[in-house]
Amino acid sequence: MGIATFFRRYRSAPGFAALLACLALAGCGDGSGPVRLQFWAMGGEGEAVRQLLPEFERLNPGLRVEVQQIPWSAAHEKLLTAYAGEAMPDVFQLGNTWIPEFVALRAIDALDAGRVPEAIRARADYFAGLLATNEIDGRLYALPWYVDTRLLFYRKDILAQAGFSEPPRTWREWSDAMARIKTLPGGERYALLLPMNEWQVPAILGLQVGAGLLRGGGRFGDFQSPAFRRAFDFYLDLFRRGYAPALAEAQIANLYQEFARGYFAMYITGPWNIGEFRRRLPEAMQDQWATAPLPAPDGEYPGLSLAGGASLALAQSSAHKAEAARLIEFLSAPERQVAFHRLTGDLPTRRSAWDAPELAGSDKAQAFKAQLERVAATPKLPEWERIASKLAHYAEKAVRGELSPDAALAGLDAEVDRILEKRRWLLDRERSAR
């Protein structure tokens with residue numbers, strides 16, 4: 001049957017107008033079927049996000065979304081393999097410290113220049129420090145999807161026994177509180193848990209005192225700078241004074257049980273632990289723990305923390321960029337961020353989403369909102385993940401006394417300089433070519 005015959009025969013049939021609208025969208029009913037967007041999401045988010053997608057498909061009847069759930073442990077390698085094999089999904093979740101690497105590879109497309117217009121118009125609604133992690137050289141390459149920053153989880157009752165009715169706001173108050181906690185009776189106890197396999201705390205302390213971590217436009221390590229030395233001394237003192245045990249997280253059989261029995265009174269960790277503390281701590285303990293923004297070295301409270309989290313990116317190779325951008329915009333809307341929080345516990349990246357009752361009424365979540373107004377990005381380089389692992393390595397050697405602080409920082413700078421050697425070569429070649 002020809003198209004003219006089709007129109008003559010069915011133009012008065014019920015639903016004909018809706019069919020025409022469907023045909024206008026993304027090839028629905030044109031013989032090739034709806035446009036199918038490939039969306040890769042990591043961990044539990046990959047499972048939870050499926051529950052939001054029927055609404056997207058209802059609002060966009062010519063589109064279907066196929067979600068592939070990828071374990072976080074395999075995500076980075078799988079994305080790189082997909083890039084090398086020219087098999088990238090249309091939309092994918094990306095840890096925001098990975099964005100510089102995927103921009104350098106030209107694996108992701110910029111979202112400004114008219115894409116996701118409503119979300120881009122709402123830039124002021126995003127926490128500025130988080131949005132900045134998605135910007136490279138003034139261009140926006142992804143949109144923050146959910147938040148991962150670090151702050152203090154603490155035992156209110158133990159802090160009160162030590163004579164503090166409020167969490168510490170400065171490094172001095174923090175040190176005083178930890179010293180008092182160490183003197184409390186009750187057997188072996190520590191004031192703070194700082195797993196040594198994590199680079200985040202030494203990096204945070206450095207950022208708090210203005211250390212750049214790198215120098216020369218990201219060409220060299222700068223961990224021997226006076227600012228970072230100050231932060232590193234404070235970090236090492238936490239172990240020297242016995243405030244924190246020299247342990248990796250895996251060396252603690254059950255940190256929730258240890259927190260409940262008072263083995264440690266404070267813990268610097270992220271938003272996923274709000275749900276874990278609620279589930280894993282006994283009922284009698286639920287009124288005894290709280291969250292608070294990080295203490296500041298001496299200036300404005302709270303002190304800085306990391307602008308971590310996951311973002312949504314659009315593949316440069318996508319054949320359906322307009323439709324993929326529509327999916328990013330849908331998932332970035334405040335009401336969807338709230339719905340996603342209800343499914344996962346992940347915290348929203350847009351200020352307006354925090355007006356939802358379960359967030360506005362939760363003092364444990366509100367401490368994160370206060371912290372999110374004071375977050376900063378780590379250096380935006382493809383090499384940052386490797387540098388961060390070296391930071392954890394040398395910090396642990398200094399904590400264990402295997403290297404002096406000076407030797408640890410010198411060794412760290414030397415390793416970082418080696419990691420950045422190719423970057424320096426590329427930048428020098430680019431400059432000489434001008």
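This is a predicted model: local features need pLDDT of at least 70, side-chain atom pairs count only at pLDDT 80 or more; totals for chains, interfaces and linings use all residues.
**Entry 1: helix 12 against helix 20**

From helix 12 I noted Phe-228, Arg-229, Phe-232, Leu-236 and Arg-240. Facing them in helix 20 I found Pro-405, Asp-406, Ala-408 and Leu-409. Sorted by class, the contact of helix 12 with helix 20 holds six nonpolar residues, no polar ones and three charged ones.

Next I looked up the geometry. The axes of helix 12 and helix 20 (residues 405-419) come within 11 Å and cross at roughly 130°. Angles over 145 degrees would count as roughly antiparallel, so I wrote helix 12 down as oblique to helix 20. The crossing of these two helices is right-handed.

**Entry 2: helix 12 against helix 19**

Which residues of helix 12 meet helix 19? My list reads Phe-228, Phe-232, Tyr-235, Leu-236 and Phe-239. Their counterparts in helix 19 are Leu-391, Tyr-394, Ala-395, Ala-398 and Val-399. By class I get ten nonpolar residues for the contact of helix 12 with helix 19, with no polar and no charged ones.

I noted that Phe-228, Phe-232 and Leu-236 are named for helix 19 and also for helix 20.

The axes of helix 12 (residues 226-240) and helix 19 (residues 384-399) come within 10 Å, and they cross at roughly 55°. Helix 12 and helix 19 are therefore oblique to each other. I logged their crossing as right-handed.

I then turned to the aromatic rings, where the count comes to 24 aromatic pairs. One of them is Phe-228 with Phe-232: the ring centres are 5.9 Å apart and the planes stand at 25°, so I call the pair stacked. The cut-off I needed here is that planes under 30 degrees apart count as stacked. Both residues lie in helix 12, four residues apart, which is about one turn of the helix.

In what order do the strands of the open four-stranded sheet run? I read 8-11-7-12, with mixed pairing. Strand 8 (190-193) and strand 12 (289-292) are at the edges with a single partner strand each, so one side of each has no neighbour in the sheet. On average, neighbouring strands here are turned by 20° against each other, direction ignored.

I followed one pairing more carefully. Strand 7 (residues 151-155) and strand 11 (residues 264-269) run antiparallel and are joined by four bridges. Tyr-154 has Met-266 as its bridge partner in strand 11.

I also checked what covers these strands. Helix 10 (residues 171-183) lies across strand 7, strand 8 and strand 11, and it runs at about 125° to strand 8.

How many bridges link strand 6 to strand 14? I found six, with strand 6 and strand 14 (residues 308-314) paired in the antiparallel sense. Val-147 stands opposite Gly-309 in strand 14.

Conventions. Residues are numbered from 1 along each chain as its sequence is written. Side-chain values use heavy atoms; hydrogens and water are left out. Two strands pair if DSSP finds at least two bridges between them. Axes are lines fitted to C-alpha atoms, for helices over the stretch in contact, and angles run from 0 to 180 degrees between N-to-C directions. Contact means heavy atoms within 4.5 Å. Angles under 35 degrees count as roughly parallel, over 145 as roughly antiparallel, 65 to 115 as roughly perpendicular and the rest as oblique. A crossing is left-handed if the near helix is turned anticlockwise from the far one by less than a right angle, and right-handed if clockwise. Ala, Val, Leu, Ile, Met, Phe, Trp, Tyr, Cys and Pro count as nonpolar, Asp, Glu, Lys and Arg as charged, and the others, Gly among them, as polar. Rings of Phe, Tyr and Trp (its six-membered ring) pair if their centres lie within 6.5 Å; planes under 30 degrees apart count as stacked, over 60 as edge-to-face and the rest as tilted.
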